[in-house]
Amino acid sequence: FEALVAAMLGEFHDEPLYADLAGLATLNRARWLRMLLGRPELHRKLIHGSDFPVPTFPLLFRRALGTAFGMVARCPSWLERDYQLKRHLGFPSHVFTRLGEILATTGRATN
């Protein structure tokens with residue numbers, strides 16, 4: 001984690017190095033998601049992907065989600081649940097759209 005943070009803030013600050021939030025709302029990775037949430041200087045380097053079928057566990061974030069917990073926990077789609085959990089935790093909206101922007105830019109560069 002610290003090596004990735006150092007790279008994103010240091011030598012790759014202006015380079016296309018991103019960290020994916022997929023699969024971080026699980027029992028053995030929840031601490032990394034909390035750590036990334038607490039590092040707003042990294043948010044411009046985060047993207048939201050999918051580790052489907054890795055399920056999201058909203059119960060791990062019940063306190064942090066507050067009143068949104070019930071809505072997040074009831075989402076029938078694993079992908080929607082993961083998105084809603086991370087959105088309600090406080091990740092900025094650009095985290096959820098950046099991947100599309102990156103892929104669109106990459107596609108134009110290779111055509």
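Trainee: Of the contacts in the chain with a separation of 6 or more, what share is accounted for by residues 24 or more positions apart?
Mentor: Such residues account for 70% of those contacts, where contact means heavy atoms within 4.5 Å. Please keep in mind that this is a predicted model, in which local features need pLDDT of at least 70 and side-chain atom pairs count only at pLDDT 80 or more, while totals for chains, interfaces and linings use all residues. Residues are numbered from 1 along each chain as its sequence is written, and side-chain values use heavy atoms, with hydrogens and water left out.

Trainee: Okay, and which elements does the chain have, from the N terminus on?
Mentor: The order is α-β-α-β-α-α-α-α, which comes to six helices and two strands; these are DSSP runs numbered from the N terminus, with helices (H or I) of at least four residues and strands (E) of at least two.

Trainee: How much of the chain is buried?
Mentor: Of its 111 residues, 34% count as buried, meaning under 20% relative accessible area with a 1.4 Å probe, protein chains only.

Trainee: Now T26: where is it found?
Mentor: T26 sits in the loop between β1 (19-20) and α2 (30-37).

Trainee: And why does T26 count as buried?
Mentor: Because its relative accessibility is 7%, T26 falls in the buried class.

Trainee: Which residues does T26 touch, then?
Mentor: Leaving aside residues up to four places away in sequence, T26 touches V54, P55, F57 and L60.

Conventions
Buried < 20%, exposed > 50% of the residue type's maximum accessible area, 1.4 Å probe, protein only.
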